[in-house]
Amino acid sequence: MSEQLETMTPELKAFIDDWKNKPGNLIMVLHKVQQTYGYIPRNIAIEISEMLSVPLAKIYGVVTFYNFFKLQKAGKYIIQVCLGTACYLRGGDDIIKEFERKLGIGVNATTPDGMFSIEAVRCLGCCGLAPVAVVNGEVHGKLETKNVDSIIEKYRTLG
Ligand code: FES
């Protein structure tokens, strides 16, 4: 997948200027970046490294340490597989592995065509339907690994 270049927004630039000399600024700025783009674009990470005089390696150290930071833009369809207790006990882990296997990506990654991302989430509030996955707000309950294919196909067909 070719790397996507994002443009630094005036709002983000002002935020960075504001935080430039304050302690804990890197994490605050990274939160703002993720809020702005939905992930941490590489070219923006490079700009931040220069603006805050922080080595790029340190930025990536922080980003990879906290799993709420994403390195890739989310897919058009975000598959959230529940790993809350009820879902986990009913095989949620197998469901997420099957999505990973079928799509050829891991959790928090996006397929090269930009169509799908996989996320592991905590209880979605519909434990009676465990194990559950939600795709862009649509609930798929009582899942078995054999259902994974048709779910992917459904959204692929929608385009
Ligand atoms: S544990 Fe999955 S919906 Fe509650």
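Which residues have the most contacts inside the largest nonpolar core? Keep that in mind while you get oriented; the model you have open is predicted.

Start by colouring the chain by domain: 10–65 is domain 1, and 77–158 is domain 2.

Now for the core. Select Ile79, Val81, Ile95, Phe99, Ile118, Val132 and Ala133: within this 17-residue set, the largest nonpolar core, they have the most contacts. Next, show β1 (77–82), α6 (92–103), β2 and α7 (148–158), the elements that each give two or more residues to the core. β1 gives the most, with four. As a rule, nonpolar side chains in soluble globular proteins tend to be buried together.

Zoom in on Val132. Leaving aside residues up to four places away in sequence, Val132 touches Cys82, Cys87, Leu124, Cys126, Val139, His140, Gly141 and Leu143.

Show the strands as cartoon and read across: β2-β1-β3-β4, an open sheet of four strands with mixed pairing. At the edges sit β2 (116–121) and β4 (138–140), each pairing on one side only. Look along the sheet and you'll see neighbouring strands turned by 25° against each other on average, direction ignored. Then select β3 (residues 133–135), which runs antiparallel to β4 and is joined to that strand by three bridges. To finish, click Ala133: standing opposite, in β4, is His140.

How values were computed. Residues are numbered from 1 along each chain as its sequence is written. This is a predicted model: local features need pLDDT of at least 70, side-chain atom pairs count only at pLDDT 80 or more; totals for chains, interfaces and linings use all residues. Two strands pair if DSSP finds at least two bridges between them. Axes are lines fitted to C-alpha atoms, for helices over the stretch in contact, and angles run from 0 to 180 degrees between N-to-C directions. Domain bounds come from an automatic or database domain assignment. A nonpolar core is a set of buried Ala, Val, Leu, Ile, Met, Phe, Trp, Tyr and Cys residues joined through C-beta atoms within 7 Å. A residue is buried if 20 or more other C-beta atoms lie within 10 Å of its own, exposed if 12 or fewer, and partly exposed in between; C-beta atoms are placed from the backbone. Two residues are in contact if their C-beta atoms, placed from the backbone, lie within 7 Å.
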